[in-house]
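Thank you for making time this morning.

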Amino acid sequence: MDRRTGTLHFICGRLASGKTTLAREIVARESAVLICEDVWLSRLSDGIRSFDDYLKWSRRCRSVMGPLIVEILKTGTSVVLDFAGNTPGERGWVRSLFGSAGAEHVLHYLDVPEEICLARLMGRNETKPEGLYFATTSEEEFRAIAKYFQPPLAEEGFHVVNDTASI
């Protein structure tokens with residue numbers, strides 16, 4: 001039997017660049033399963049009060065999400081991974097997933113300027129929209145997190161689609 005695998009879609013973009021909005025659009029368009037790290041973190045952690053807390057709980061969630069994503073892809077179902085694929089290390093983890101599943105991938109890159117992202121974040125902090133609001137993030141925290149952002153490079157070898165126009 002010839003078995004097709006799903007495609008793993010993941011997104012790279014600064015905090016508040018529109019990753020979750022884009023993830024939902026892709027899910028609707030591709031009839032894919034959405035795996036949103038922020039949802040897992042908010043429901044499974046005992047609270048995230050620092051970047052170190054985020055890293056600790058993210059590792060724990062990913063240890064469970066990873067094998068699940070691989071199995072879903074192997075069934076032929078596509079997955080949209082809504083998480084911050086903002087460093088080569090994070091993107092390497094995603095590579096291990098689609099590689100283990102023998103699946104295709106698409107890296108959707110949101111190249112949104114930092115100041116626009118900050119303005120969106122401040123608005124999100126005030127309105128706390130359901131499904132987009134994870135926690136209040138200050139400008140200072142935003143700036144600290146933004147320092148880690150690294151756009152994808154051609155040398156990383158991903159199939160990159162620039163989706164900035166859709167956001």
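R91 has a relative accessibility of 0% and therefore counts as buried, where buried means under 20% relative accessible area, exposed over 50% and partly exposed in between, with a 1.4 Å probe and protein chains only. This is a predicted model, in which local features need pLDDT of at least 70 and side-chain atom pairs count only at pLDDT 80 or more, while totals for chains, interfaces and linings use all residues. Residues are numbered from 1 along each chain as its sequence is written, and side-chain values use heavy atoms, with hydrogens and water left out.

R91 sits in helix α4, residues 88-101, helices being DSSP runs of H or I with at least four residues and strands runs of E with at least two, numbered from the N terminus. Which residue pairs with R91 in a salt bridge? The partner is E156, at 2.9 Å from N to O, a salt bridge being a side-chain nitrogen of Lys or Arg within 4 Å of a carboxyl oxygen of Asp or Glu. The two are 65 residues apart, E156 lying in the loop between α6 (139-146) and β5 (160-162), and E156 is itself buried at 17%.

The structure holds nine salt bridges, and another of them joins the side chains of R62 and E90 at 3.9 Å, N to O. That pair links helix α3 to helix α4 across 28 residues, with R62 buried at 13% and E90 buried at 16%.

In helix α6, E139 and R143 are four residues apart, which means about one helical turn separates them, and their closest N and O atoms are 3.2 Å apart.
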